[in-house]
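Q: I am new to this structure and would like to go through it step by step. Could you show it first?
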Amino acid sequence: MKTFNGRVAAITGAASGMGRALALALAREGCHLALADKNAQGLEQTLALIKSSTLAPVIITLQVLDVSDRQAMEDWAARCVAEHGQVNLVFNNAGVALSSTVEGADYADLEWIIGINFWGVVHGTKAFLPYLKASGDGHVINTSSVFGLFAQPGMSGYNASKFAVRGFTEALRQELDLQRCGVSATCVHPGGIRTDICRSSRIDANMTGFLIHSEQQARADFEKLFITDADQAARVILHGVRKNKRRVLIGRDAYFLDLLARCLPAAYQALVVFASKRMAPKQRRPVFETNDETRL
């Protein structure tokens with residue numbers, strides 16, 4: 001797919017971040033849009049930004065949607081085709097984050113993150129794939145993460161969901177190549193992107209004193225890791241689609257961590273443990289009181 005003009009793209013997580021940036025970039029190229037998110041107000045803001053920033057006569061539809069709901073995703077896919085006539089691209093972009101130890105993770109939180117990050121991708125892929133094939137010129141773009149290539153402590157649920165997206169998408173791409181059906185697939189691995197994911201993330205209390213000092217401090221530190229803006233990420237993704245790339249890395253941090261995992265596929269874990277120990281809250285030495293003075 002060398003051009004997006006006149007095509008129709010469905011995007012989840014379109015109320016903010018990379019989803020919004022993708023919508024804006026595609027609209028400027030004359031691509032019609034079906035936008036979905038749980039955040040109705042954010043979707044309306046995305047629509048307003050598109051209308052104010054592009055003169056291209058594109059058709060845009062909005063849908064408030066929970067990607068973890070399979071039936072809702074299937075209904076939305078059918079609605080997109082009914083409203084737009086066809087769908088050529090689906091960006092399964094919606095995602096959330098969870099910080100917790102494996103031992104302390106609540107099952108409900110694990111089901112929440114897997115439901116959105118992995119099942120949301122599965123639902124979007126399967127719901128739209130027949131329509132993409134019918135268009136004769138389609139592309140599935142699934143958002144994993146650099147942490148679908150490289151694991152870290154305290155993020156087991158997030159790692160699991162993003163590794164799953166990677167495996168799912170790579171298998172899908174191979175099947176599509178074998179079928180020669182006019183549809184392809186790309187797996188996206190962003191590093192730290194400036195989006196709203198930090199504000200929507202869940203941080204379990206078991207992380208305090210283990211890997212973080214406090215939830216507030218952890219969110220502030222998390223934000224510092226966002227070194228790439230969403231507009232730049234969108235440009236890289238769309239370039240990858242044009243080039244029909246199997247894998248798209250975004251940000252110098254993604255390239256560095258990918259290289260580290262490739263060069264030290266097992267040993268990198270020891271390096272992460274070493275770095276985590278240096279960054280973790282330091283244990284205070286006990287204070288002993290005497291009749292004379294307080295001393296350490």
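Q: Which side chain does the side chain of N88 make a polar contact with?
A: The partner is the side chain of Q86, at 3.1 Å. A polar contact is a pair of N or O atoms within 3.5 Å; within protein, one must be able to donate a hydrogen and the other to accept it, and residues adjacent in sequence count only if both atoms are side-chain atoms. Please note that this is a predicted model: local features need pLDDT of at least 70, side-chain atom pairs count only at pLDDT 80 or more, and totals for chains, interfaces and linings use all residues. Residues are numbered from 1 along each chain as its sequence is written, and side-chain values use heavy atoms, leaving out hydrogens and water.

Q: Which backbone oxygen does the N88 side chain reach?
A: That of D137, at 3.2 Å.

Q: Where does N88 lie, and is the residue buried or exposed?
A: N88 lies in the loop between α3 (70-84) and β4 (89-92). Helices (H or I, at least four residues) and strands (E, at least two) are DSSP runs, numbered from the N terminus. N88 is buried, with a relative accessible area of 2%; buried means under 20% relative accessible area, exposed over 50%, and partly exposed in between (1.4 Å probe, protein chains only).

Q: What is N88 in contact with, leaving aside its neighbours within four places in sequence?
A: The list is M1, R7, V8, L132, S135, D137, G138 and H139, where contact means heavy atoms within 4.5 Å.

Q: Changing topic, how many residues of strand β2 are buried?
A: Six of the six residues, 32-37, are buried, so β2 is largely enclosed by the rest of the structure. H32, A34 and A36 cover one side, with L33, L35 and D37 on the other, and all are buried.

Q: How many bridges join β1 to β2, and do the strands run parallel or antiparallel?
A: Five bridges join β1 (residues 8-12) to β2, and the two run parallel. Strands pair if DSSP finds at least two bridges between them. I11 has L35 as its bridge partner in β2.

Q: And for the protein overall, how many helices and strands are there?
A: There are eleven helices and 13 strands. Of the 296 residues, 50% are buried.

Q: What share of contacts between residues at least 6 apart in sequence join residues at least 24 apart?
A: The share is 72%.
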